[in-house]
Structures are given as structure tokens and as C-alpha cells.
Amino acid sequence: MKRAFYGVFSISLIAILITVIFKPQNNLIPARMFLYMLVWVLILCGIRWGIWMLEKFLKDRRVDLGKLSRRGLILYVVVYGISLYVVSLILRSYPVTDYGSVYETAYQLAMGQTVDDWNYFSMWTNNLSPLTILTFCMKLGVFLGFSDPYYFVLAINVLQVTLVLVCIFYLMGKIGLGGAVTQWFAVFVYTLWTPIWACTNAFYSDQLSFGGSIIAVALLVYGCGVQSRRKWGAIIGAGLIWGVAIAAKATSAIALVALIVTLILVNSARRWKELLTLGVVMVLTVGSLSAISNSYPSKAEEYRLKFPTEYWIALGLMEDGTYGANADFIKECYLSKNVDERRELCLQKIRENWKNLFQGEHLVDKVSVIFGDGSISPTSHIYPYQESLLWHWVYWEGDYFWKYACLSTGFFYAVLLLMIVGAVLRTFGHGSSLEVKSGEFCLTFMIYLTVFGTFLFLMLWETQNKQLYNQIPWMTLAAVCGLESVWDYVIMRVSKGRFAHVGQGSTTVE
């Protein structure tokens with residue numbers, strides 16, 4: 001079953017990578033992007049080798065590697081968090097489009113001001129929970145004395161991103177062989193994601209849900225490994241955090257589906273108490289946020305203005321799935337009298353276009369838009385508080401954006417390539433030594449299944465590159481597992497070669 005999954009995933013990833021190399025976004029040159037991808041792979045391999053050599057050097061000098069690694073992680077987390085906060089302040093921009101509507105309304109509610117227009121939220125009810133979460137964070141910041149709650153919410157966002165780094169370190173320690181070398185390699189891969197540096201300064205649904213699923217899984221794994229009060233505290237915390245993330249953005253639930261499938265495959269019935277607790281807390285959290293959403297004044301106009309869930313599915317089935325390519329359909333939805341008419345229109349479009357799921361040109365166009373841009377930006381840098389060198393790198397009309405796009409997209413392609421290698425090796429039964437279970441959890445399989453589920457979902461949904469943003473932690477783990485499987489396979493082959501050589505030599509002597 002697992003090998004079949006890895007086989008399907010390998011074929012899917014290969015098709016995606018071939019497509020985006022030939023059809024990248026941002027006017028990138030295919031030949032150069034192929035070269036940049038290979039350069040990034042070599043850089044990552046060099047980092048992995050360098051960490052391994054450093055470990056050997058320290059071992060020879062009898063250094064306490066465990067103690068050094070823990071202290072080093074603390075120092076790294078502090079430096080990373082401070083650096084990310086400073087960079088985010090430099091890149092602060094005035095909120096626009098959907099993020100602007102959510103931010104301005106949350107700010108008004110936090111400051112005790114009257115919100116006169118709720119039409120946006122009557123139309124886009126999916127952003128009501130992000131509004132509630134952001135409003136709570138802003139109110140907390142105001143309560144603590146921040147005249148501009150942005151600085152406090154940014155600190156929370158940076159803390160979340162930094163906790164993800166710690167969780168990646170922790171989960172890589174649970175996954176398999178390689179020890180601290182693999183853990184530190186994962187930390188460096190995570191650090192190299194430029195979208196995190198460019199987009200932590202905003203608080204839209206993508207950022208608010210960024211770390212929820214992976215932090216929750218780390219807490220769940222930890223909780224299942226201890227026998228004390230901390231056990232249930234960790235599991236309840238996991239349910240709460242994961243519930244908030246799912247309420248902020250539904251794609252956070254993809255990892256939950258992957259977890260359930262994994263547990264079914266490994267027959268983990270004895271963990272039913274932990275899983276039931278996790279599920280109950282998640283349901284209560286999502287339900288509470290939904291109840292708050294239903295209390296907003298936007299409820300009064302929902303029937304007239306709301307866009308149904310079917311809208312995003314219908315949009316994703318037509319042309320390349322983007323807003324720009326489907327202007328007529330979007331206009332028709334806006335002109336519809338109520339949500340029932342919009343739903344019927346969307347269902348009609350779905351019936352007319354569902355065969356596009358198997359139409360090559362449509363799939364190629366969608367893949368190109370979703371995966372052909374490594375900037376993965378879920379927010380706009382169009383109106384900066386102050387222009388800076390960094391802003392000219394990350395803004396799509398900035399002086400250096402093309403160079404930034406080459407850098408970030410080349411790295412993203414390298415991540416895809418490493419995932420391909422890991423999936424292919426596992427298809428043929430290699431890399432199994434990495435899949436060490438933590439309790440009953442087969443983490444490697446869950447990681448790959450989460451990434452596959454995300455990619456599959458995006459092919460069925462509207463086409464937006466930014467939808468990959470809150471899956472960066474899972475893609476990081478998948479890429480690291482990919483390179484680690486290569487490393488493990490090479491070491492195994494070299495060791496077999498040495499044993500074979502020794503055996504031949506002894507036979508000759510005899």
C-alpha cells in the first residue's frame with residue numbers, strides 16, 4: 001500500500017517538476033531555472049555534508065554533542081526570531097485586497113470603533129474566523145499597552161514561525177537515523193525559505209494557519225511519548241492549536257486527513273483515548289470560532305451576498321483556474337441575486353467542466369501557475385511603509401524582483417526534486433530505515449501524504465500559488481526526508497561494496 005502511494009506520488013511530482021521547468025512564472029528562463037535548481041541541490045548537499053563533517057570533528061574531541069546541540073538550538077532560535085522580526089518590520093506594507101479588509105476590520109473592533117460596512121464578510125464568510133483570531137490578538141496587544149497592536153501581533157506571528165522551526169527539529173529527531181545532523185539540516189532548509197522572510201509581516205489566513213498543523217503534530221507525538229500530566233496538556237494543546245489553524249484556513253486539515261489515514265494503516269487502535277481527546281478539543285475549538293462568526297452583523301446579508309464553496313471548485317475547473325482568466329464567470333456570480341443562484345450557477349459550471357480534470361492543457365496551465373513560482377507570496381508588498389532594498393527584492397515591480405524570483409523558485413524546484421528522489425527510493429523499498437515509529441506514528445509516510453494531499457487539493461481548487469504557503473513546514477520535512485533517504489542509500493551501498501571487497505580479498509588469500 002505504501003509503495004503504491006509513493007509510486008503515484010513520484011509520478012505526480014515528476015510531472016509537476018517537468019511542467020514548471022518548461023513553463024515557469026515571472027518570465028523566468030527554463031534553462032536557467034534548471035541550472036539554478038541543480039545549484040541549490042548542490043548547496044543543500046554541501047550543507048548536509050558540512051554538518052556531518054562538523055559532527056565527526058566534534059566527536060573526535062569528545063564534545064558532548066547532545067548538550068551542544070540543545071544550547072545551539074536555543075541560540076539559533078533567538079537569533080532567527082529577532083532577525084525575522086526586524087526583517088518583517090522593514091517589509092511592513094499597508095494591507096490591501098482581502099487582507100486589507102480583514103486587517104482594517106479587526107483593527108476597528110480591537111480599538112472599540114464602529115464597523116459600518118460588513119458586506120465583505122457577508123460575501124466571503126471564510127474570512128470570518130481569521131477576523132476573530134486577528135481581533136483577539138489585537139485586543140490582547142491593546143490590553144498590554146501597545147498603541148499600535150501590529151507590533152504585538154507581529155511578535156505572535158514570529159513566535160509561531162519560530163516554534164515551527166523547533167517542531168521541525170523535534171520531529172526530524174523522531175523520524176529516523178541521522179540524529180542531530182539531520183535535525184540541524186532540516187533547520188537550515190527551513191531557514192532558507194525566502195517566502196517566510198518576505199511574508200511573516202502580514203496576518204492573513206495563510207500566515208495565521210502557518211504552523212498550526214505541524215505544532216499540533218509535534219505536541220501529539222510528545223504527548224503520546226510521556227506518562228504524566230504533561231501528556232494530556234500536550235494533547236489538549238494540540239487540539240486547540242490545530243482547531244484554530246483549521247478555522248483560519250481549511251487546508252490545515254489536510255495533515256489531519258493524512259494522520260487519520262496513517263493511523264488506520266498502522267492499526268493504532270490503542271491510542272483511541274489520545275485521538276478522541278484531540279478530536280473533541282478540535283471540534284470544540286472550530287465550533288466556538290464558528291459560533292462567534294455567526295454573531296457578526298455580516299450574517300444579515302449573507303443570503304444575498306455570500307459566495308458558496310462550490311465557487312472555488314468551479315473556478316478551478318475553468319481555463320487555468322485563476323481570477324484573471326475567468327472574469328466573465330466571476331462577474332456573473334457577482335450579479336446573481338443570492339447565494340442559491342450562485343450555487344446553481346457554480347454547479348452548472350462544474351457539470352460543464354469537470355472533464356477538464358483529465359484534460360492535459362488545463363492541468364499543465366494550473367500546474368504552471370501553482371508551482372511555477374517559488375515566491376509563494378500570500379500578501380501584497382505594493383504599498384510599503386518605507387521603500388528599502390529588501391522591498392525592491394520582494395515586490396513584483398521592484399528593481400531586483402526577477403533575481404529574487406530566480407533565487408526563491410530555484411530553491412522551490414530543488415525541494416520538489418528532493419521530494420521526488422525520496423518518493424522514488426521508497427517506491428522501490430529503499431529508505432525504510434528512516435521510518436522509525438514514534439509510538440504508533442509513521443511520521444515519514446504522514447509527511448509525504450500531507451504534501452500529496454495538498455497538491456491534489458490544489459488541482460481541484462482555485463489556482464493560487466499562495467495556497468502552498470502554510471504547507472512550507474511539511475514540504476521542508478519531505479525534502480529533508482528525501483535527501484536523507486539518498487544519504488542512507490549511498491552509505492548502505494558503499495558499506496556493501498566494502499564488505500564485498502573484503503570478502504573477495506580473503507578468498508584470494510586463502
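Me: On a 1 Å grid over the protein atoms alone, a cavity is a set of points where a 1.4 Å probe fits but cannot get out, and lining residues have an atom within 4 Å of a point. Which residues line the largest cavity?

Reply: Ser93, Tyr94, Pro95, Val96, Tyr99, Tyr150, Asn201, Ala202, Thr379 and Ser380. Note that this is a predicted model, where local features need pLDDT of at least 70 and side-chain atom pairs pLDDT 80 or more, while totals for chains, interfaces and linings use all residues. Residues are numbered from 1 along each chain as its sequence is written, and side-chain values use heavy atoms, without hydrogens or water.

Me: What volume does the largest cavity have?

Reply: About 70 Å³, where a volume is the space filled by probe spheres set on grid points joined across faces, edges and corners. The count is 3 cavities of 30 Å³ or more.

Me: How does the lining of the largest cavity divide by class?

Reply: 6 nonpolar, 4 polar and no charged residues. Nonpolar covers Ala, Val, Leu, Ile, Met, Phe, Trp, Tyr, Cys and Pro; charged covers Asp, Glu, Lys and Arg; the others, Gly among them, are polar.

Me: Pockets next. What is the volume of the second largest pocket?

Reply: About 730 Å³. A pocket is an open set of points with protein on both sides within 12 Å along at least five of seven lines. Of the 26 residues lining the second largest pocket, those closest to its centre are Ile133, Cys137, Ile156, Leu208 and Val244.

Me: Which helix gives the largest share of that lining?

Reply: H6, with 7 residues. Helix H6 (128-143), helix H7 (150-175), helix H11 (212-223), H12 and H14 each supply at least two. Helices here are DSSP runs (H or I, at least four residues), numbered from the N terminus. By class, the lining of this pocket has 18 nonpolar, 7 polar and 1 charged.

Me: Change of topic. How many salt bridges are there?

Reply: 11, counting a side-chain nitrogen of Lys or Arg within 4 Å of a carboxyl oxygen of Asp or Glu. One of them joins Lys23 and Asp365 at 3.1 Å, N to O. Lys23 sits in the loop between helix H1 (2-22) and helix H2 (30-60) and Asp365 in helix H19 (residues 360-371), so the pair ties together parts 342 residues apart in sequence.

Me: What about Glu274 and Lys231?

Reply: Their side chains form a salt bridge at 2.8 Å, N to O. Glu274 is in helix H14 (residues 272-293) and Lys231 in helix H12 (residues 229-248), 43 residues apart.

Me: Is Glu274 buried or exposed?

Reply: Glu274 is buried, at 6% relative accessible area, and Lys231 is buried at 5%. The cut-offs are under 20% for buried, over 50% for exposed and partly exposed in between, with a 1.4 Å probe and protein chains only. Lys23 is partly exposed at 36%, and Asp365 is partly exposed at 22%.

Me: Which residues are linked in a network of salt bridges?

Reply: Asp206, Lys249 and Lys466.

Me: Last item: which residues touch the most other members of the largest nonpolar core?

Reply: Trp193, Trp242, Tyr311, Phe329, Phe371 and Phe455, out of 151 residues. Such a core is a set of buried Ala, Val, Leu, Ile, Met, Phe, Trp, Tyr and Cys residues joined through side-chain atoms within 4.5 Å. Helix H21 (residues 401-427) gives the largest share of this core, 14 residues.

Me: What does Phe329 touch?

Reply: Leaving out residues up to four places away in sequence, Phe329 touches Tyr311, Ala314, Leu315, Met318, Leu345, Cys346 and Lys349. Contact means heavy atoms within 4.5 Å.
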